[in-house]
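Please consult the sequence and structure shown here alongside the text.

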Amino acid sequence: MKKELIYIVLVMLSFTGCKEDVPTLFNEPDGIYFSASSDSVAYTFAKYPSRTRDTLKLPVTILGKPAGTDRTINVEKGIASDVNAIEGVHYKLIGPYTMPANKTSTVLPVVIYRTGDMDSLTITFILQLKANESFQSGISSKTSLKVKVGYLQKPATWGQPGSMQWWAGHSANFGTWTK
């Protein structure tokens with residue numbers, strides 16, 4: 001009985017030594033990221049064959065709270081082995097980009113151009129969000145976005161059995177690839 005009483009007293013003393021934790025408020029710098037549903041965006045001029053340029057509106061969102069003033073968003077072209085687009089020829093960044101006052105998301109307009117090489121190639125470029133005095137990098141896997149632009153390329157598996165394009169490429173259906 002004496003041992004049990006000692007244990008009870010020790011447990012009670014341990015509770016009196018504790019201090020309640022008060023949750024702290026979120027106090028981190030605001031971050032920014034591309035809020036597209038995947039890590040890449042694809043566009044084809046096939047739906048509008050007479051267009052020679054169009055504007056993509058790429059969504060970005062902040063992690064944090066809205067500010068009472070417009071804030072600058074820094075965007076750069078990214079580097080990768082599959083990037084073949086030339087800025088000014090295949091696409092154009094229309095900066096400066098800003099996050100409007102009292103907003104947590106916006107779109108970044110990027111002009112894309114249809115060029116002759118899109119008859120046989122998909123043009124690829126990467127946009128990279130960069131930290132600045134207004135924003136730090138947000139979700140790291142979403143700070144870059146790959147953009148693929150094409151016109152009417154023949155699918156690599158056109159007419160091959162077992163592929164998604166087999167039915168269309170079969171000689172009894174659409175047959176030989178043409179634009």
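**Salt bridges, sheet and loop contacts**

Asp-30 and Arg-71 join through their side chains in a salt bridge, with N to O at 2.6 Å; the term denotes a side-chain nitrogen of Lys or Arg within 4 Å of a carboxyl oxygen of Asp or Glu. The model is predicted: local features require pLDDT of at least 70 and side-chain atom pairs pLDDT 80 or more, whereas totals for chains, interfaces and linings use all residues. Residues are numbered from 1 along each chain as its sequence is written, and side-chain values use heavy atoms, with hydrogens and water left out.

**Salt bridges**

- Four salt bridges are found in a search of the whole structure.
- Helices (H or I, at least four residues) and strands (E, at least two) are DSSP runs, numbered from the N terminus.
- Asp-30 and Arg-71 are both buried (buried means under 20% relative accessible area, exposed over 50%, and partly exposed in between, with a 1.4 Å probe and protein chains only).
- A salt bridge also links Asp-82 to Lys-146, at 2.6 Å from N to O. Asp-82 belongs to the loop between β4 and β5 (91-93) and Lys-146 to strand β10 (residues 144-150), so this pair ties together parts 64 residues apart in sequence.
- Asp-82 is partly exposed at 35% relative accessible area, and Lys-146 is partly exposed at 23%.
- Arg-51 and Asp-54 form a salt bridge whose closest N and O atoms are 2.8 Å apart. Arg-51 is partly exposed at 31% relative accessibility, whereas Asp-54 is buried at 16%.

**Sheet**

- An open sheet of five strands runs in the order β5-β7-β3-β1-β9, with mixed pairing; two strands pair if DSSP finds at least two bridges between them.
- At the edges are β5 and β9 (136-137), each with a single partner strand, so one side of each has no neighbour in the sheet.
- Strands β3 (residues 53-63) and β7 (residues 105-113) pair antiparallel over nine bridges. Within this pairing, Asp-54 stands opposite Ile-112 in β7.

**Loop residue Asn-132**

- Asn-132 is located in the loop between β8 (123-130) and β9 and is buried, at 17% relative accessible area.
- A polar atom of the Asn-132 side chain lies 2.8 Å from the backbone nitrogen of Ser-134.
- Leaving aside residues up to four places away in sequence, Asn-132 touches Thr-72, Ile-73 and Asn-74, where contact means heavy atoms within 4.5 Å.

Notes: Polar contact = N/O pair within 3.5 Å; in protein donor to acceptor, adjacent residues only side chain to side chain.
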